[in-house]
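Thanks for coming. I will take the overall numbers and then go through some charged pairs. Please have the structure open.

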Amino acid sequence: RGMSIVIPKTNISSAELNIAKNKKVIEGTFTQLRGSNFQGGGLVVGDTVLQRLTDGRDDYFNGMAHSQSLNAADQYAVIDLGRVYTLESHATVWRQLAFPKYYELHGSIDNKNWTRILTVGSDRIDANSVHRRSGGGDPLIVAGAPFSDAVSARYVKLLIPKKTAFYKKHKSWNNVDLAEILIFPGGDYDELKRIVREEWRP
């Protein structure tokens, strides 16, 4: 399902583009979820919360994971793609009320030796971001960028270093909210933004 789009050297459908969809998130700190669907419900730890980062859903109560405190430690998530792929670009989907102003992507063949693929700063995650609504009406911000060079990796780590600056609606918040990590085998930034804005429908 999905429109057929042309990417240099490859012609694949948008439904097949995100190779991270439904892949296992094997470790990370995005382990909190809202304990109640009512205003004021506290954050609680859930056993399967990490899997929300690749499940294709983006609504606040069912498709979003909350990090631990950015002030206390690095925040991260590691995806096992199942085999080695050649990776060329990515996108991330955050809650617009709590998102980092900087993050890094790292790649690995063996989940032991890591290479930093890309850094994403305010030029990509704020001023240049796509703003949209989730299926439940939640405000989202979408960041993304192609990698400067194609990278071969089976494991992808999203890393937010400790004490990274982040936007938060309320002063008391110390976490960020991440709905999805998308990994693509091709495409440039404008094409990523178009796909997420027009075609990605969880």
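Before going on, the conditions. This is a predicted model, where local features need pLDDT of at least 70, side-chain atom pairs count only at pLDDT 80 or more, and totals for chains, interfaces and linings use all residues. Residues are numbered from 1 along each chain as its sequence is written, and side-chain values use heavy atoms, with hydrogens and water left out.

The protein chain has four helices and 14 strands; these are DSSP runs numbered from the N terminus, H or I of at least four residues for helices and E of at least two for strands. Of its 202 residues, 53% count as buried, meaning under 20% relative accessible area, with exposed over 50% and partly exposed in between (1.4 Å probe, protein chains only). Contact here means heavy atoms within 4.5 Å. Among contacts between residues at least 6 apart in sequence, 74% join residues at least 24 apart.

Now the charged pairs. The whole structure has five salt bridges, where a side-chain nitrogen of Lys or Arg is within 4 Å of a carboxyl oxygen of Asp or Glu.

Start with D55, in the loop between β5 and α2. D55 forms a salt bridge with R57, with 3.1 Å between the closest N and O atoms. D55 is buried at 18% relative accessible area, while R57 is partly exposed at 39%. Setting aside neighbours within four places in sequence, D55 contacts K21, N22, N62, G63 and E180.

Next, D58 and R132 form a salt bridge, the closest N and O atoms being 3.4 Å apart. D58 lies in the loop between β5 (43-45) and α2 (60-63) and R132 in strand β11 (residues 130-133), so this pair ties together parts 74 residues apart in sequence. D58 is buried at 3% relative accessibility, and R132 is buried at 14%.

Last, R116 forms a salt bridge with E104, with closest N and O atoms 3.4 Å apart. R116 sits in strand β10 (residues 115-120) and E104 in strand β9 (residues 103-108), twelve residues apart. E104 is buried, with a relative accessible area of 9%.
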